[in-house]
Amino acid sequence: MEPMTISQVSKILGISTRMLRYYEKAGLIESRRKEGYAYRIYDENTVCRLRRILLLRKLRIPVRQIKIILQNPNAATAVEIFQKNINELDEEITALSTIREILSRFANELANATGLPLQSLLEKDDILLESIESLALVSINFKEDQTMEKLNQANISLSQPTDIRVIYLPPRRHCRSPLCGGRA
């Protein structure tokens, strides 16, 4: 295979030239430049390495861990990194399951209380509020230890049978706030 330019590699692998430059800057790949030729050029070995990098990225392996894997030919290193990522995925699955349970509970309560104001429904279910409050600091990245502990507590709260009561409070009639319809 002849050496390829950055745009050729980009098209073949379906990634941006910006991403290729990033991988090069991160030390994952190297390009060469011919004298008098302004473009980066990639050889067959680099393209093969890029395919391995893309495979690992699709498996959600961070770039810094990919660099360690590629620099260390020992399979034990890769196994250790993969196991760590599996554990993090298990924690994320637990967190997502808890969030799913809370959303399901919301949906069920709303379905059972059709026509009731959402605000009164949310304010009256203390156990549900406690569960949601435990999620207040949850970021999209579920890998934070303290967040996992809070999500586990929320999961325990939700799994315990509770007596749920829905109280209907009629809307206030003299509210000008957009939250209550802006009617006088």
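Setting aside neighbours within four places in sequence, Leu20 is in contact with Ile6, Val9, Ser10, Ile15, Ile29, Tyr42 and Leu50. The model shown here is a predicted one. Leu20 is also among the residues with the most contacts inside the largest nonpolar core, together with Val9 and Tyr23. That core has 22 residues. Helices H1, H2, H3, H4 and H5 each supply at least two of its residues, and the largest share, five residues, comes from H3.

Helix H3 can be taken next. H3 covers residues 44-58, which makes 15 residues. From its first C-alpha to its last it reaches 21 Å, close to the 21 Å expected at 1.5 Å a residue. After the helix comes Arg60, with a positive phi near 65°. Within H3, the residues Thr46, Val47, Leu50, Ile53, Leu54 and Leu56 are buried. The buried residues of H3 pack against strands S1 (4-5) and S2 (41-42), and against helices H1 (6-13), H2 (17-25), H4 (63-71) and H5 (75-112).

Tyr23, already met in the core, also belongs to an aromatic pair. The structure holds one such pair. Tyr22 and Tyr23 form it, with 5.9 Å from centre to centre and 50° between the planes, and the pair is tilted. Why is Tyr23 called buried, and Tyr22 partly exposed? Tyr23 is buried because its relative accessible area is 3%, which is under 20%. Tyr22 is partly exposed because its relative accessible area is 42%, which lies between the limits of 20% and 50%.

Notes:
Residues numbered from 1 in each chain as written. Predicted model: local features only at pLDDT ≥ 70, side-chain atom pairs only at ≥ 80, totals over all residues. Heavy atoms only, no water. Helix = DSSP H or I, 4+ residues; strand = E, 2+ residues; numbered from the N terminus. Expected span 1.5 Å × (residues − 1). Buried < 20%, exposed > 50% of the residue type's maximum accessible area, 1.4 Å probe, protein only. Contact = heavy atoms within 4.5 Å. Phe/Tyr/Trp six-rings, centres within 6.5 Å; stacked < 30°, edge-to-face > 60°. Core = buried A, V, L, I, M, F, W, Y, C linked by side-chain atoms within 4.5 Å.
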